[in-house]
Every structure is written in C-alpha cells, then in structure tokens.
Amino acid sequence: MTHTINDLIVKEYKLELANKTNQLKALQAQVNPHFLYNALQSIASLSLRYNAPKVYDLIYSLGSMMRYSMNTERTQVPLRDELEHVQNYVILQTERFGEENLRLDIETDEAVLEVIVPKMILQPIVENIFKHGFADGIREAVITISCTLDKQGRLILAVKDNGKGIPEARLAEIAAGLAHSGGNEHEAIGLSNVLARLRLQMSSGAELQLRSEEGHGVTVTLLIPLES
C-alpha cells in the first residue's frame, strides 16, 4: 500500500509538472510573437526616420507574415488574405534573389477574393517551388497564381512555375503519396496536409492535381467545390 501511495504521489507530481510546463510553453507562444512583432514595428519606424523605405517595406512584409501565421485564433480567412500572405513571402524572396530573377503574377476574379478558405493552403505550395522547382538556382523565374470559378461552381486555385519540372516517375510517386494520404518526404507531406484541410474544412470533394513536364515547370491545381 505504501509503494502504491508513493507511486501515485510521483505520478501526480509528474502530471502537475507537465501541466506547468505546458502552461509556460503556451505563455511563451503568446509573448514571443507579440514581442517580436512590436520590435519589428519599432525597427521599421526607425528605418523611415533614417530614410530607408526599402528596409521598411521588407520589415513590414516579414511582420505581416509573422502576424498571419502565428495567429492561432483564425484558422480560416478570406482568399484575399491568403494571397496577401503569399505576396509578402515572395517579396522577401525577391529581395534575396533580385527583382530581375523573380516575378509573381496573380490573376484572380474579383468574385472569389472573399471566399473563406483554410489558412496556409497556398504558401506551402509556393514554398515547394523554391525548394524543388528552383533548387538549381533562380533566374528569370515566374510564379503565377490564378483564382477562378469554373462552370460547376468550384473554386479553382492554380499555382504554376517555370522551374525545372518534375520527372514523370517522380510525379507518379508524389501522386501515389497523395492518394494514400501522406508520404515520407516534406513535399508530399505539405501537399497532403493542404488537401486534407481542404476536405475537412471546405468540401470532401476537394481535389489536388499535379501536372508537369520536365524542364517546363509544375502546375499544382486545387479544385474545391463550394457548398451552397
């Protein structure tokens, strides 16, 4: 009985310690982003004081990305906000690689900008482009995002690049990974996560299509039935 009581005390102590640790982590998650965002705002204001508007624009883009991605209270947003988040991401990448080497084109119907979508469905796709499509270097790179409604009333989001493309065999592997709700590589996991959240939060009939020709880029298309 004494051993049992001691075991229970130890277990209770460990649970309490774990609870306090989780509370601390939650507090850190709240404080750190808030502090960092305020610090970025202060630096941005300082850059204007010293007549450095380009620095201000970059800090603004980074701060906006942080605020968007770290806000856990908003899991769904208007498509307009998701596109703005991608624009901020590409602005920072453009500064890294040069305006002459990278361009983002967004083609969208005004009617779809207020459609509510899960957060972070486009940025992971665009991020994959830098990791895989332009892995050998970025030169005269163009990323195109188109947002339309088709005749069936589906929201069609297409992300296209002019990178090196994906070999046919590799494309089949990624497609198979998506069909089985996963994959071991980051690229497949990211796409699978996007598709799973679309099916969970918007429509079970959502689809993700991959099209590529080696040497001629990749097109990732999301087809999302809109519930009435």
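Modeller: Leucine 155 lies in strand E5, residues 154-161; helices (H or I, at least four residues) and strands (E, at least two) are DSSP runs, numbered from the N terminus. The model is predicted: local features need pLDDT of at least 70, side-chain atom pairs count only at pLDDT 80 or more, and totals for chains, interfaces and linings use all residues. Residues are numbered from 1 along each chain as its sequence is written, and side-chain values use heavy atoms, with hydrogens and water left out.

Leucine 155 counts as buried because its relative accessibility is 0%; buried means under 20% relative accessible area, exposed over 50%, partly exposed in between (1.4 Å probe, protein chains only). Apart from neighbours within four places in sequence, leucine 155 is in contact with Leu79, Val112, Val115, Val117, Thr148, Leu149, Leu222, Leu223, Ile224 and Leu226, where contact means heavy atoms within 4.5 Å. Leucine 222 is 67 residues away along the chain, with 7.8 Å between its C-alpha atom and that of leucine 155.

E5 belongs to an open sheet of five strands in the order E2-E4-E5-E7-E6, with mixed pairing; two strands pair if DSSP finds at least two bridges between them. At the edges are E2 (102-108) and E6 (207-212), each pairing on one side only. From one strand to the next, the twist averages 10°; axes are lines fitted to C-alpha atoms, for helices over the stretch in contact, and angles run from 0 to 180 degrees between N-to-C directions. Helix H3 (residues 79-97) packs on this sheet and touches E2, E4 (141-149) and E5, its direction making about 170° with that of E2.

E5 and E7 (residues 218-225) run antiparallel and are joined by seven bridges. Within this pairing, alanine 158 stands opposite threonine 221 of E7. E7 is largely enclosed by the rest of the structure, because seven of its eight residues are buried.

E7 also pairs with E6 in the antiparallel sense, over six bridges, and threonine 219 of E7 is the bridge partner of arginine 211. E6 and E7 form a hairpin with five residues between the strands, in which glycine 215 takes a positive phi near 90°.
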